[in-house]
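This briefing goes through one protein model from its overall layout down to single residues. Please keep the sequence and the structure in view while reading.

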Amino acid sequence: MTDTRGPQPQYEGYATGPLPGEREPAPGQAGPYHPPQAYPSPPGGTHGGGVPRGGQQGTMPGVGAAQTARKPRTGARTTPRTRKARLRVAKADPWSVMKVSFLLSIALGICTVVASAVLWMVMDAMGVFSTVGGTISEATGSNDSNGFDLQAFLSLPRVLLFTSVIAVIDVVLATALATLGAFIYNLSAGFVGGVELTLAEDE
């Protein structure tokens with residue numbers, strides 16, 4: 001078989017030069033190799049993540065201190081702001097209203113009985129019943145009778161009994177009216193939305 005390609009040219013660089021592993025590094029490539037960037041680096045010599053060129057992580061002098069030590073804004077509000085909440089009473093439970101009104105009416109009835117007893121004792125100690133009773137007995141008396149006896153009619157047991165009856169009636173009426181008022185409020189709240197309240201924190 002004959003070679004018909006003819007004489008091939010010889011390249012001096014490949015024939016006489018050193019192998020790739022035996023070549024000495026260039027003077028300007030003493031450090032590690034960095035591939036070229038596809039996009040130009042931002043001004044300041046750092047890449048996108050805040051790492052300076054050359055692979056060493058750090059921050060520029062003065063930038064970190066300016067970011068960590070921020071000055072407070074002038075004219076900032078120092079007084080705490082009072083929070084407010086606007087609520088609406090949409091429904092009143094008739095059962096709870098009845099229980100509360102029953103207890104309150106009982107307490108009011110007891111206070112009425114005690115106040116009547118104290119008032120009677122004070123007026124009796126001041127001699128009001130004896131003076132007024134003597135005047136009424138003289139005005140209504142005759143030769144056959146002594147007239148109307150006010151002290152016997154307004155005795156303490158009779159006054160306490162009368163006040164107790166009024167207190168019991170007051171308990172029944174107040175409880176019934178409060179429960180009926182709860183039903184009426186629920187009906188009206190369904191149409192108008194109920195009573196709106198604005199609550200605020202205590203300063």
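The model is predicted, not experimental. The protein has 6 helices and 2 strands, arranged along the sequence as α-α-β-α-α-α-α-β. Of its 203 residues, 12% count as buried.

**Overall layout**

- The accessible surface comes to about 17,500 Å², and carbon and sulfur atoms account for 63% of that area.
- When contacts between residues at least 6 apart in sequence are taken, 69% of them join residues at least 24 apart.
- A search of the whole structure for salt bridges returns 2.

**Helix α3**

- Helix α3 runs over residues 94-125 and has 32 residues. From first C-alpha to last, α3 reaches 46 Å, close to the 46 Å expected at 1.5 Å a residue.
- The buried residues in α3 are P94, S101, S105, G109, S116, A117 and W120. Their cover includes α4 (128-140) and α6 (156-192).
- An α-helix has 3.6 residues a turn, so residues three or four places apart point the same way.
- A nonpolar patch on the surface is formed by F102, L103, I106, I110, V114, V118, M121, V122 and M126. Together these residues have about 850 Å² of accessible area.
- One of the patch residues, V118, has its place in helix α3.
- Just after α3, G127 takes a positive phi of about 80 degrees.

**Helix α6**

- Helix α6 has 37 residues and reaches 51 Å from its first C-alpha to its last, close to the 54 Å expected at 1.5 Å a residue.
- Buried positions in α6 are V159, T163, A167, V171, T175, T179, A182, Y185, N186 and A189.
- These buried residues pack against β1 (84-89), α3 and β2 (195-200).
- Just after α6, G193 takes a positive phi of about 100 degrees.

**Strands β1 and β2**

- β1 and β2 pair in the antiparallel sense, over 6 bridges. Within this pairing, R86 has T198 of β2 as its bridge partner.
- β1 is hardly covered, with a count of 0 buried residues among its 6 residues.

- Side chains of opposite charge can pair when their charged atoms come close.
- E201 and R83 meet through their side chains in a salt bridge at 2.5 Å, N to O. This pair links distant parts of the chain, 118 residues apart: E201 is in the segment after β2, and R83 is in the loop between α2 (63-68) and β1.
- In this pair E201 counts as partly exposed at 39% relative accessibility, and R83 counts as exposed at 58%.
- The side chains of E196 and R86 also meet in a salt bridge, at 2.6 Å, N to O. E196 lies in strand β2 and R86 in strand β1, so the pair ties together parts that are 110 residues apart in sequence.
- Here E196 is partly exposed, at 45% relative accessibility, whereas R86 is exposed, at 64%.

**Two buried residues**

- G133 has its place in helix α4. Its relative accessibility is 9%, which is under the 20% cut-off, so G133 counts as buried.
- Leaving aside neighbours within four places in sequence, G133 is in contact with V128, F148 and L150.
- G133 and F153 are 20 residues apart in sequence, and their C-alpha atoms are 9.8 Å apart in space.
- T179 is found in helix α6. With a relative accessible area of 14%, T179 is under the 20% cut-off and is therefore buried.
- Leaving aside neighbours within four places in sequence, T179 is in contact with P94, V97 and M98.

Notes: Residues numbered from 1 in each chain as written. Predicted model: local features only at pLDDT ≥ 70, side-chain atom pairs only at ≥ 80, totals over all residues. Heavy atoms only, no water. Helix = DSSP H or I, 4+ residues; strand = E, 2+ residues; numbered from the N terminus. Expected span 1.5 Å × (residues − 1). Buried < 20%, exposed > 50% of the residue type's maximum accessible area, 1.4 Å probe, protein only. Contact = heavy atoms within 4.5 Å. Patch = residues over 30% accessible without salt bridge, like charges linked within 9 Å, V, L, I, M, F, W, Y side chains within 5 Å. Areas by Shrake-Rupley, 256 points an atom, 1.4 Å probe, with all protein chains shown as cover. Salt bridge = Lys/Arg side-chain N within 4 Å of Asp/Glu carboxyl O. Pairing = 2+ DSSP bridges.
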